[in-house]
Every structure is written in C-alpha cells, then in structure tokens.
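Thanks for asking me to look this one over.

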Amino acid sequence: MNLPRLFHLQRDTDITGISGTGTVAHGVQWPDGTVTIRWTGDRPSTVHWASIDDALCVHGHGGHTRIIWADGQPEQAVPSIAVLLDLVNSLRDPEPCRLDHDGDCQEHYWFEPGTCPHARAAELFPAEPE
Ligand SMILES: [Zn+2]
C-alpha cells in the first residue's frame, strides 16, 4: 500500500436513529495504515484512527455499517496458517543446506545473518515434500 485509499461508510440500518442511512461518512486510509473519517450530516466532524479495524470497531454498529472502497477492491483477506504453511512447504527446497566456512548457505545462496530460510522452513515439517 503506497497511496492513500478512499472509501465511504455505507449504513444500511441506523440503530441509533441519529446518523441516518446511506453514505454516512467519507474516509481516507493513509499509506501508514491510519484512517481519517469525515462524517456527513448537519454537524460534520473529522476523526482519526490508528487503523481501519479500530474505526469499524467503534462505528461499525455490529456490522450495520459497511466500508465501500472507492477503487472497488475488497479488503484483502488474511490467509489462514494452514494455507501459509502449505505455501511454505511448496516453496522450500528439499535439498539440505551446504554451509561454507562463514556459515553461509551455498546450496540456497543465503548470505544474510541468521539461519538459511530453507533450514528454518524444514523445521516446520517432519517429512520431506514430495
Ligand atoms: Zn540453505
């Protein structure tokens, strides 16, 4: 995420009887993940939040307010641990590391400090991938 991203808050049911329904606020998600929301209505106000989750926690009214991104892109779903583990297992090289005298892995061209990621990935799985 490098550019500010525009959205509006769409309220389908006004459980407070104050804010009304329809577009109740416009907002910007900044590149650092913080969010600014400008409420519409007779007494507009502007609120800043640390994250979109914080904003929806307070203003979501139990799912009655939805975030609609102006670019039409849905919020990217966070993959499950199982999906990530399967991906790691698919990407890792079953060949064992070959460490040189500096402790670098010549097999996987790992010359950074710390253990080669293929060795770290192997520790996550008891059996070699097929
Ligand atoms: Zn290695």
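1. A word on naming: helices (H or I, at least four residues) and strands (E, at least two) are DSSP runs, numbered from the N terminus. In that scheme, N89 sits in helix α2. Please keep in mind throughout that this is a predicted model.

2. Let's begin with the overall layout. The protein chain contains three helices and five strands, and reading from the N terminus the elements follow one another as β-β-β-β-α-β-α-α. Of its 130 residues, 11% count as buried. Taking contacts between residues at least 6 apart in sequence, 35% join residues at least 24 apart.

3. How confident is the predictor? The average pLDDT for the protein chain is 84, and 84% of the residues score at least 70. Confidence is lowest in α1, with a mean of 75, and highest in α3, at 94.

4. The five strands make an open sheet, ordered β4-β3-β2-β1-β5, with antiparallel pairing. Because β4 (46–49) and β5 (65–69) lie at the edges and have a single partner strand each, one side of each has no neighbour in the sheet. From one strand to the next, the twist averages 25°. In general, strands of a sheet pair through backbone hydrogen bonds, either parallel or antiparallel.

5. Strand β2 (residues 22–29) runs antiparallel to strand β3 (residues 35–39), and five bridges link them. Two pairs are handy for finding your way: Q29 stands opposite V35 of β3, while A25 has W39 of β3 as its bridge partner. The two strands form a hairpin with five residues between them, and G33 in the turn has a positive phi of about 95°.

6. Which residues make up the largest nonpolar core? There are six in all: L9, V24, A25, V35, I37 and A55. Both β2 and β3 supply at least two residues of this core. The general background is that nonpolar side chains in soluble globular proteins tend to be buried together.

7. Is L56 buried, partly exposed or exposed? L56 belongs to helix α1 (residues 52–59). A residue needs 20 or more other C-beta atoms within 10 Å to count as buried, and 12 or fewer to count as exposed. L56 has 17 C-beta neighbours inside 10 Å, so L56 counts as partly exposed. The C-alpha atoms of L56 and R66, ten residues apart along the chain, are separated by 8.4 Å.

8. With 17 C-beta neighbours inside 10 Å, N89 counts as partly exposed. Along the chain N89 and A122 are 33 residues apart, and their C-alpha atoms are separated by 8.1 Å.

9. Next comes the loop between α2 (81–91) and α3 (117–122), where P96 lies. P96 has 14 other C-beta atoms within 10 Å and is therefore partly exposed. The C-alpha atoms of P96 and H108 are separated by 9.0 Å, with the two residues twelve apart along the chain.

10. One backbone angle in that loop deserves a look. Y109, also located in the loop between α2 and α3, has a phi near 55°, a positive value in a residue other than glycine. Most residues other than glycine have a negative phi. Y109 is exposed, because 8 other C-beta atoms lie within 10 Å.

Note on methods
Residues are numbered from 1 along each chain as its sequence is written. This is a predicted model: local features need pLDDT of at least 70, side-chain atom pairs count only at pLDDT 80 or more; totals for chains, interfaces and linings use all residues. Two strands pair if DSSP finds at least two bridges between them. Axes are lines fitted to C-alpha atoms, for helices over the stretch in contact, and angles run from 0 to 180 degrees between N-to-C directions. A nonpolar core is a set of buried Ala, Val, Leu, Ile, Met, Phe, Trp, Tyr and Cys residues joined through C-beta atoms within 7 Å. Two residues are in contact if their C-beta atoms, placed from the backbone, lie within 7 Å. pLDDT is the predictor's confidence in each residue, from 0 to 100.
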